[in-house]
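Student: Please take one close look at the side chains here. How do they pair and pack, and what lies at the surface?

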Amino acid sequence: MQTETPMKPLTRWLFIATMLVGTFTMSISQSSLSTAYPTLMKYFLISADTVQWLTTGFMIVMCITMPISPWLLNNISFKTLFMGALLLFDVGTLIIFWGPNFYLVMLGRIMEAAAVGVLFPSYQTVLLEITPEAKRGTIMGIAGLVMGSALACGPIISGIVLRFTSWRGLFIFFMVVITLVLLLSFFVMRDVMPRIPSKLDWLSVFYSLGLIGLLYVITKAGEPNADWTTLIVILVVSLLLLAFFVHRQLNLSEPMLDLRVMKTFNYDLAVLLTGFSYISLIVVTIIFPLYYQQVLGASPFVSGMALVPGAALLSLLNPVTGTLADKIGFKPTMLVGMGMIVVGWGILALVHINNIWGMIGLAMLIEGGNAFVMMPAVTLGANSLPNDLVSHGTAVITTVRQVLGSTGVAVATLILVNVTGKAMHGGSSYMMANQTGFHAVYWTFFGIAVLGFIIAMLIRSTGSKDAE
């Protein structure tokens, strides 16, 4: 349980910067391929249903590797873990670059996703470990810049790269940056986490595969003509596996993922709050471009560029809101953010907006609100736990956030498709039916935002349990 001596300020900031640049680049890959779908479909002669697995499969593999991250942090030097994740991502990206067929490209994506799934919770845990509690809000605000802006910037960056090169150029970009970070890591990364060696419980790993089925059902539920009989069977089996997983974690003396964190009510509220804010962020980045194209008649390029102001504001606000949370408290900061999100969805639900500038303004309001909520909620959740459970807490909160985000997209898609179809059968024009479908989506997420605001009112500011 030994770590290296405390780092000097310059070394510490180089450590953090290297970790964040690597994580940011890997995060972009999560959402960057959607822009390249048409090109990949033509190149590999595959359908839209097949090509979307490059993103869906990525998300599923990422989620099932997240619960293993606490065990890895307890048993492997963080420097080794970080560099191993970078190397795995780099090799996966190289396979994609050279891949002569779709199956090898999919293998590369799986390797990338496994690396991201391990690193996402780990880097948050490390940031919390090396940062004094009084400054956690600020540093996690910077971390929020990585998570939030990478999701929003992925399609933007890939659109710019694809405008000047082929789809392989996107992966050259990833390889160059990650290779440079990997080389830098030899010199600046440190073993900063205490280690508590333990055996990996493989039965827990097997039970955690229920996440695959759950996310598969969530993804497929949003598609038209879904085979609901098969999906229900998969859902039941997946939920049983996850129930066994939860039971085993609560009864093992050394669980793979310590779910005792869920016994802290304030932490549970923080989990829900960060999940609800993430839902708003990911739904905006997916639904708004559809609205721009299908209702406002914008081109794919314009609809992609319309995401830039919101992504830029999110990036600028994340460090600011972290500092604000340290100064005025986490609860007031999160109430401001959820208030912004509620107002944004409320205006969308009540007003028919036929101007792209108005939509961009509301996207900025909702994404700006996310900056006040998501990472402050993660930090507050961590502060609600004993230090030895922080790694497990960040793994749980990251996994739940991804599942809730996927569920939000599936729900938005289901509502949009079904309400639009029903309106067209009722005699509405295609344009009016589309507007009806989008407004049904807006009303739904306005309700979710209100629920998030109520949760923010219930949550209480707290210090680390170890400090109490």
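Tutor: Helices (H or I, at least four residues) and strands (E, at least two) are DSSP runs, numbered from the N terminus. F186 lies in helix α9. The model is predicted, with local features needing pLDDT of at least 70, side-chain atom pairs counted only at pLDDT 80 or more, and totals for chains, interfaces and linings using all residues. Residues are numbered from 1 along each chain as its sequence is written, and side-chain values use heavy atoms, with hydrogens and water left out.

I172, V176, L180, L183, F186 and F187 make a nonpolar surface patch of about 630 Å². Patch residues have over 30% relative accessible area and no salt bridge; like charges are joined within 9 Å, nonpolar side chains (Val, Leu, Ile, Met, Phe, Trp, Tyr) within 5 Å. Areas are Shrake-Rupley values with a 1.4 Å probe; for residues, only the protein chains shown count as cover. A salt bridge here is a side-chain nitrogen of Lys or Arg within 4 Å of a carboxyl oxygen of Asp or Glu.

Now the aromatic rings. A pair of aromatic rings is described by the distance of the centres and the angle of the planes. Rings of Phe, Tyr and Trp (its six-membered ring) pair if their centres lie within 6.5 Å; planes under 30 degrees apart count as stacked, over 60 as edge-to-face and the rest as tilted. The whole structure has 24 aromatic pairs. One of them joins F15 and F78. Their centres are 6.1 Å apart, and 45° between the planes makes the pair tilted. F15 belongs to helix α1 (residues 9-31) and F78 to helix α6 (residues 78-98), so the pair ties together parts that are 63 residues apart in sequence. Both F15 and F78 are buried (buried means under 20% relative accessible area, exposed over 50%, partly exposed in between; 1.4 Å probe, protein chains only).

F89 and F174 form an edge-to-face pair, 6.4 Å centre to centre with 75° between the planes. This pair also links distant parts of the chain: F89 is in helix α6 and F174 in helix α9, 85 residues apart. F89 counts as buried because its relative accessible area is 0%. F174 is buried too, at 1%.

The backbone holds a detail at L45. Its phi is positive, about 55°, although L45 is not a glycine. L45 sits in the loop between α2 (37-44) and α3 (48-51). With 76% relative accessibility, L45 is exposed.

Next, the nonpolar interior. In soluble globular proteins, nonpolar side chains tend to be buried together. A nonpolar core is a set of buried Ala, Val, Leu, Ile, Met, Phe, Trp, Tyr and Cys residues joined through side-chain atoms within 4.5 Å. The largest such core has 84 residues, and F15, F78, V126 and L127 have the most contacts inside it. Helix α7 gives the most to this core: 15 residues. A second, separate core has 54 residues, including Y278, M334, F438 and A449.

Y278 also takes part in another contact. The charged end of R401 sits over the ring of Y278, 6.0 Å from its centre. The rule asks for NZ of Lys or CZ of Arg within 6 Å of the ring centre and within 35 degrees of the ring normal.

Charges come next. Side chains of opposite charge can pair when their charged atoms come close. The count is 3 salt bridges. One joins E112 to R109, with the closest N and O atoms 3.1 Å apart. Both residues lie in helix α7 (residues 102-130), 3 residues apart, about one turn of the helix. E112 is buried, with 0% relative accessibility. R109 is likewise buried at 0%.

D201 pairs with R248, the closest N and O atoms being 2.6 Å apart. This bridge links distant parts of the chain, 47 residues apart: D201 in the loop between α9 (167-188) and α10 (202-208), R248 in helix α12 (residues 228-251). D201 is buried at 15%, whereas R248 is partly exposed at 25%.

R260 and D258 form another bridge, with 2.5 Å between the closest N and O atoms. R260 is partly exposed at 45%; D258 is buried at 5%.

Last, T420. Its place is helix α18 (residues 390-425), and at 8% relative accessibility T420 is buried. The C-alpha atoms of T420 and G437 are separated by 4.6 Å, though the two residues are 17 residues apart along the chain.
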